[in-house]
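Dear colleague,

Please find below the structure that I am handing over to you. My notes on its packing follow.

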Amino acid sequence: MRMIRKKFPEINDEKLLRDLAVSTVERSVKDGDIVIDYGDEIKFIPMVLEGTIKVNRQAGEDQEIFLYYLMSGDTCASSFSCCMVQKRSEIIAIAEEDTKLLMVPVQKADQWMSEYPAWRNFIFNMYDIRMFSMIDTIDRLAFSNLDEQLIDYLEKKSSVLNTKVLETTHQEIAFDLNVTREAISRLLKKMENDGLVRLERNKIFML
DNA sequence: ACATTAAGTGATT
DNA sequence: AATCACTTAATGT
């Protein structure tokens with residue numbers, strides 16, 4: 001409850017906070033765990049208390065692309081609309097680090113929309129934020145070449161995880177940007193020569 | 001020591 | 001930029 005207040009200051013309705021405390025379940029996931037898989041039926045809306053969730057679009061079997069991060073204080077509003085129209089998940093959500101979530105049952109979330117203006121505002125606000133972050137992603141995809149995308153990707157990851165040392169593989173980046181591993185390896189190599197990064201196995205040092 | 005996985009690279013399309 | 005084929009290097013058992 002204290003946690004909710006701290007992480008979600010927009011929710012400033014005492015009664016709603018009490019409702020949240022009784023109707024939600026806290027869930028801890030570890031780095032790399034899949035929170036929502038492609039095709040899952042969504043029954044809960046996750047609110048992120050601590051940690052980071054990576055959200056990827058998945059198209060078909062082998063096509064995947066990074067959409068955005070959910071950080072502390074964020075919620076995935078689109079999962080709300082998704083289950084309102086009884087759809088299965090179009091995205092996959094993976095924990096990027098050990099993460100604490102607050103799982104809000106859809107039915108409650110729906111009920112609170114009419115009950116609490118604070119909740120309604122919160123959800124709409126989150127919609128807006130998600131939407132902008134998507135537009136950002138679209139810009140990146142449509143208007144920038146791979147090197148810019150890669151730099152953007154690395155910078156985002158670095159700032160989200162608050163570290164200069166990214167622990168990841170070229171292959172994983174390649175999956176997220178939907179290109180081949182070789183392309184990433186070559187670009188990173190070039191960036192290393194340009195003094196932008198330093199490379200080690202499973203590590204990228206941002207300079 | 002051996003197997004596995006990550007990364008580097010040249011050639012081809 | 002993708003695909004392929006192969007090498008080299010790091011890491012796990």
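Leaving aside neighbours within four places in sequence, L20 is in contact (heavy atoms within 4.5 Å) with I4, I11, M47, V104, W112 and W119.

This is a predicted model, in which local features need pLDDT of at least 70 and side-chain atom pairs count only at pLDDT 80 or more, while totals for chains, interfaces and linings use all residues. Residues are numbered from 1 along each chain as its sequence is written, chains are lettered from A and ligands numbered from 1 in the order in which they are written, and side-chain values use heavy atoms, leaving out hydrogens and water.

L20 is also among the residues with the most contacts inside the largest nonpolar core, which has 22 residues. Such a core is a set of buried Ala, Val, Leu, Ile, Met, Phe, Trp, Tyr and Cys residues joined through side-chain atoms within 4.5 Å; buried means under 20% relative accessible area and exposed over 50%, with partly exposed in between (1.4 Å probe, protein chains only). Helix 5 supplies the largest share of this core, five residues. Helices (H or I, at least four residues) and strands (E, at least two) are DSSP runs, numbered from the N terminus. A second, separate core of 19 residues includes I36, V55, L101 and M103.

In helix 4 (residues 106-115), V106, A109, W112 and M113 are buried. Seen down the helix axis, these buried residues fall within an arc of 125 degrees (taken from the directions from the axis to the C-beta atoms), so they line one face of helix 4. Q107 and S114, on the other side of helix 4, are exposed.

Yours sincerely
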